[in-house]
Amino acid sequence: MGTNEGMWNASSSGTGIRKRLGALDRRLFRSVADAHLPGFDHVLPRLSRAADNSLLWAAVAGGLALTGRRRMRRAATRGLLAISLASPVVNLLGKQAFARARPSIVDFPLARLGKIPSSHSFPSGHSASAAAFATAVALEAPARVAVPVAVAAGAVCFSRVYTGVHYPGDVLAGTALGVTAALVTKRLWPGQTVIGEARGATTAPLHDLDPEGEGVVAVVNNGAGRDPCTAAAVRKALPRAEVVETEPGEDLMERLKDAAKRARVLAVAGGDGTMNCGAQAAMEHGVPLLPVPAGTFDHFARTLGIETIEEAAAAYRSGQVVAVDVGEIAGRVFLNTASIGIYPFVVDRREEWENKIGKWPALVLAMADVLMHERRPLELVVDGVRRRVWLLFAGNCAYESRGVAPTRRNRLEDGVLDIRMLTAAGRLPRLRAMLSTIGGGAGLSRHYTQWRADTLRVAAPGDPRGEIRLARDGETFTAPGPVVLGKRPRTLLVFRPST
C-alpha cells in the first residue's frame, strides 16, 4: 500500500510540475502578445518568413562560401550540416512525440500574426535550424562574422513567439536541439582538433629549392570539388611550377605517376583520396610530396599543420622535409585510416546520392539508410579469431581518444597500426553501432576492442567469394580475401611547415 502511495505521489508531483511549467509558458506567451515593440511589427514577421525552410540560412551560407575564404566556406558547410541533422530530429521525432497544440491566437495582434503551420508546436523547427546554423558558424568563423549571425538567429527565435506561432518553451527546446546538432557535427566533420602538426622523422633540409617553384610539378584534381580556383591559386603561390590539371573521369593515378617521373618535388592538390594516390606515386619515384589541401576534410595535410595553399607554399620554401609512415591494405596505400564494415557502406551510399543532393545531405541520408534497413554485422576472421564485426578501424599510427572515430595523431612515424573494433557480442543494435561510430567511445563497453600492431590479417568466410568491402582515406573498393593490413615505416618524404 505504501509503495503504491509513493508511486502515486511521484506521479502527481511530476504532473504538477508539468502543469506549472505549462502555465508559466502560457503566461510568457501572453506577455509577449501584449507587448508592443515599435518597428518590430514590420521586421520580425518578415524575418520569420525568410527563415521558412531554412532559406535565410542557405542564403547566408551562400554568401559565406562566395567570399572564397577557407574559414568562411567551412562555416557555411558546417552550418548546413548542422541544419540537416537538427531538422529531421525536430520534425520527424520531436513534434510527433509531444504533439503539442499551437498557441491560442484569441486576442493576438493581427498585424504581426504569422501563418500558423499545420504541424505540432513543440519543439520549434525554425529555432532549431537557427541555433544549429549560428552555433556551427561560431565553431569556424571569427567573431565579426559569428556575432551578427547569432544576433539574426536570436531574432528568428524571438520572432516565432512574437508572431504567435510558438510558445517560449517550444523555442527554448528547439534552440537546445539546434546547439546539440551543431556540436555533433564536430564528430562527423572534425575541425581544429585534427591540426596537430604531428611529429615525423626529421631529415636533412633541402636548401637549394627555387622559391618560385622551379622543379615542382603540381597535380590539381579538379574533381575534388572544393574550389574551382585551386589551380590558379597554386600558379600564383608557385609561379614557376608546372601545374597539371586533371578532370573527373581521367586516370588520376597515371597522371600522378607521369608527373612524378619529371618532378623534383611532387605537389598534389586535392582531398585525402587524391593525396594517398600522390603518396604512392611519390614513393615509387623517390621524390618528396608537397600536400596542398583542396578537398573537404584534408586530414593528412591538416595533421601536418597545412591548412591553406599559402601554407603549403611556405612549407615548400622552408625546405623542411620529414619521413612519415604509410599504411597498406590489400596492397594499396593509406595515409589516415582504413576500415571494414558500416563505414564503407555509408561511403558507398553517400557517393550514390551526393551528386544529386550534395555531400552532407547525402551523408545524413546514407546513415539513415543504415538504420532503416536490415544490416547485419560481418562474419570475419580477425587474426585467426572468428568474430561478428560492425566496424573494424585501422589508423596509420596511433590516434588519440577512445572510440571508432578518432581524429588526432601526435606522431606519423611510430611504426604501428591503431586497430579498433566494434563487434556484435550477442546482438548489438544497428542504432547503437552507428551512434558509437559517430560519438566516439560513448557506450561501447565490452563490444569495443582496441590494440596496436604492425600487421593484421582479415578473412571473410561468410562471403561466398571471400571478398571484403574496404574503405581507405574515404574511398571504397572490394578486395579478395584474406586481406592483410600492414605498415611501411618512414617511407614517404613530405614537406611540413617549419617549427
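Reply: Buried here means under 20% relative accessible area. With that cut-off, and bearing in mind that this is a predicted model, the buried residues of helix 12 are Ile 309, Ala 312, Ala 313, Ala 315 and Tyr 316. Viewed down the axis of helix 12, these buried residues fall within an arc of 155 degrees, so they line one face of the helix.

Me: What do the buried residues of helix 12 pack against?
Reply: Their partners are strand 2, helix 8, strand 4, strand 5 and strand 16.

Me: And which residues are buried in helix 8?
Reply: In helix 8, which covers residues 230-237, the buried ones are Thr 230, Ala 231, Val 234 and Ala 237. Looking down the axis of helix 8, they fall within an arc of 125 degrees, so they too line one face of their helix.

Me: Let's take a residue from strand 2, Asn 221. Buried or exposed?
Reply: Asn 221 is buried, with a relative accessible area of 15%. Its side chain is joined to that of Thr 274 by a polar contact of 2.8 Å. If neighbours within four places in sequence are left aside, Asn 221 is in contact with Thr 246, Leu 252, Ala 269 and Thr 274.

Me: Going back to helix 12 for a second, what does the backbone do just after it?
Reply: Just after helix 12 comes Gly 319, which takes a positive phi of about 75 degrees.

Me: Which residues have a positive phi although they are not glycines?
Reply: Among them is Cys 397, with a positive phi of about 85 degrees, which is found in the loop between strand 10 (385-396) and strand 11 (417-423). Another is Asp 473, whose positive phi is about 50 degrees, and this residue is found in the loop between strand 14 (467-472) and strand 15.

Me: Are those two buried or exposed?
Reply: Cys 397 is buried, with a relative accessible area of 0%, and Asp 473 also counts as buried, at 7% relative accessibility.

Me: Where are the cis peptide bonds?
Reply: One of them runs from Phe 122 to Pro 123, with omega near -5 degrees, and Pro 123 has its place in the loop between helix 4 and helix 5. Another cis bond joins Gly 481 and Pro 482, where omega is about -5 degrees; Pro 482 is in the loop between strand 15 (475-480) and strand 16 (483-495).

Me: Staying with Phe 122, what is it in contact with?
Reply: Phe 122 is in the loop between helix 4 (70-98) and helix 5 (125-140). Apart from neighbours within four places in sequence, Phe 122 is in contact with Gly 94, Lys 95, Phe 98, Arg 100, Gly 169, Asp 170 and Ala 173.

Me: Changing topic to the surface, which residues form a nonpolar patch?
Reply: Ile 17, Leu 21, Leu 24 and Leu 28 form one, with about 350 Å² of accessible area together. Ile 17 lies in helix 1, residues 2-34, and is partly exposed, with a relative accessible area of 40%.

Me: Last one, how many helices and strands are there, and what are the totals?
Reply: The protein has 15 helices and 16 strands, and 50% of its 499 residues count as buried. Among contacts with a separation of 6 or more, residues 24 or more positions apart account for 76%. The accessible surface of the protein comes to about 22500 Å², and 57% of that belongs to carbon and sulfur atoms.

Key. Residues are numbered from 1 along each chain as its sequence is written. This is a predicted model: local features need pLDDT of at least 70, side-chain atom pairs count only at pLDDT 80 or more; totals for chains, interfaces and linings use all residues. Side-chain values use heavy atoms; hydrogens and water are left out. Buried means under 20% relative accessible area, exposed over 50%, partly exposed in between (1.4 Å probe, protein chains only). Helices (H or I, at least four residues) and strands (E, at least two) are DSSP runs, numbered from the N terminus. The arc is that of the directions from the helix axis to the C-beta atoms. A polar contact is a pair of N or O atoms within 3.5 Å; within protein, one must be able to donate a hydrogen and the other to accept it, and residues adjacent in sequence count only if both atoms are side-chain atoms. Contact means heavy atoms within 4.5 Å. Patches are made of residues with over 30% relative accessible area and no salt bridge: like charges are joined within 9 Å, nonpolar side chains (Val, Leu, Ile, Met, Phe, Trp, Tyr) within 5 Å. Accessible areas come from the Shrake-Rupley method with a 1.4 Å probe; for residues, only the protein chains shown count as cover. A salt bridge is a side-chain nitrogen of Lys or Arg within 4 Å of a carboxyl oxygen of Asp or Glu.
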